[in-house]
Amino acid sequence: MTKALLLKDLPGLGPKSQQMLVEAGIDSVETLRTLGPIAAFMQVKRYQAQLDPPKNASLNLLYALVGAVEGEHWLSVAQEQKAQLIMQLEGYAELEKLFQQEGKKL
């Protein structure tokens with residue numbers, strides 16, 4: 001039987017990143033992979049915006065999530081994929097707004 005991976009088993013996800021994910025409702029590797037790094041990052045940002053005082057996850061979390069899913073170090077993700085990820089993030093945010101205007105959830 002294969003042991004299920006835990007968030008702590010993913011490369012590049014430190015305790016703070018793991019805590020942010022769990023607090024935002026992403027408590028398993030399966031959930032993270034199903035959502036994908038960009039949607040997971042947005043879910044963390046939405047959760048943190050509701051805190052008192054609000055918090056704001058940095059792009060380093062996005063890079064760490066991509067690295068964790070792809071098995072790369074977050075610094076190499078930041079260097080190699082930064083522009084592409086930022087464009088994808090902006091596109092996701094715009095798509096999310098459109099869905100909200102129509103009363104739907106992305």
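Mentor: Beyond its neighbours within four places in sequence, L13 is in contact (heavy atoms within 4.5 Å) with L7, Q18, L21, L32, A64, L65 and A68. This is a predicted model, in which local features need pLDDT of at least 70, side-chain atom pairs count only at pLDDT 80 or more, and totals for chains, interfaces and linings use all residues. Residues are numbered from 1 along each chain as its sequence is written, and side-chain values use heavy atoms, with hydrogens and water left out.

L13, L32 and L65 touch the most other members of the largest nonpolar core, which has 27 residues. Such a core is a set of buried Ala, Val, Leu, Ile, Met, Phe, Trp, Tyr and Cys residues joined through side-chain atoms within 4.5 Å; buried means under 20% relative accessible area, with a 1.4 Å probe and protein chains only. Two or more residues of this core come from each of α2 (29-35), α3 (37-49), α4 (59-70) and α5 (74-101). The largest share, seven residues, is supplied by α4.

As for the setting, the chain has five helices and zero strands, where helices are DSSP runs (H or I) of at least four residues and strands are runs (E) of at least two, numbered from the N terminus. Of the 106 residues in the chain, 34% are buried. Among contacts with a separation of 6 or more, 39% join residues 24 or more positions apart. The C-alpha trace spans about 45 × 30 × 30 Å along its principal axes.

Note on methods
Buried < 20%, exposed > 50% of the residue type's maximum accessible area, 1.4 Å probe, protein only.
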